[in-house]
Amino acid sequence: GDSGGFSWKLSLVILAVVRSAVATRTDGFTIDDAYHITAGVSYVKLRDFRLNPEHPPLVKLWVGAALAPDFNLPPLRPLADKGAERDFNESVVFLDNDPDRVQARARIAMFALNSLLLLLLAWAVSRTLGNAAALGTIAFLAIDPTVAAHLPVVLTDLPVALLATTAILFAIQAFRSARWLDVSLAALALGLTLSAK
């Protein structure tokens, strides 16, 4: 039944996260992690979107909300260019906070976000192509090394890929059925995609 199918999908997503957590446990920050983290915390704490405005805010807001309560954010100062902005963002993570703690909390936040997006994709595949295709899709993504590498990092790449595919699948189903639910799901997925990249 549907509940059994969901249990299998959820189990595969959990296995993907466990695999990724083990495989990436010694990884450091990517070049953009600290940049996005500081920007996201400033969005949540200050409602100030001047840091890293060229990237849409979904991932940064998500991580910012998770880290904001215990994150030491100094007052924002005028920044001359993107280099100065990057230097400020990185100094906040590495000098004004405990970078190991920041990374650990950011990883948990991104595992949670990407798990939710994998489950949303599984639902979209199920509605459009059937339960077997959904299980196969999530199983393939669970063993893909690129997906494993991207699950815990504060980057937009994986969320955009998952959401764009989800939006396309929900749109296909909406065109097929013309039902209010399917149109709403397609619109929601497209909006989330645009908010992520």
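The largest nonpolar core of this predicted model comprises 54 residues, and those with the most contacts inside it are Ile37, Val63, Leu67 and Phe71. Two or more residues of this core come from each of α1 (2-23), α2 (33-46), α3 (58-67), α4 (82-95), α5 (99-129), α6 (131-143), α8 (157-177) and α9 (180-196), and α5 gives the most, with 14 residues. Leaving aside residues up to four places away in sequence, valine 63 touches Ile37, Ala106, Ala109, Met110 and Val154. In soluble globular proteins, nonpolar side chains tend to be buried together.

Turning to the aromatic rings, the count comes to 3 aromatic pairs. In one of them, phenylalanine 29 and phenylalanine 94 have ring centres 5.2 Å apart and planes at 80°, so the pair is edge-to-face. Since phenylalanine 29 lies in the loop between α1 and α2 while phenylalanine 94 lies in helix α4, this pair ties together parts that are 65 residues apart in sequence.

The accessibilities of three of the residues discussed above are set out here.

| Residue | Relative accessibility | Class |
|---|---|---|
| Phenylalanine 29 | 22% | partly exposed |
| Phenylalanine 94 | 37% | partly exposed |

Phenylalanine 29, at 22%, is classed as partly exposed because buried means under 20% relative accessible area.

Definitions and conventions. Residues are numbered from 1 along each chain as its sequence is written. This is a predicted model: local features need pLDDT of at least 70, side-chain atom pairs count only at pLDDT 80 or more; totals for chains, interfaces and linings use all residues. Side-chain values use heavy atoms; hydrogens and water are left out. A nonpolar core is a set of buried Ala, Val, Leu, Ile, Met, Phe, Trp, Tyr and Cys residues joined through side-chain atoms within 4.5 Å. Buried means under 20% relative accessible area, exposed over 50%, partly exposed in between (1.4 Å probe, protein chains only). Helices (H or I, at least four residues) and strands (E, at least two) are DSSP runs, numbered from the N terminus. Contact means heavy atoms within 4.5 Å. Rings of Phe, Tyr and Trp (its six-membered ring) pair if their centres lie within 6.5 Å; planes under 30 degrees apart count as stacked, over 60 as edge-to-face and the rest as tilted.
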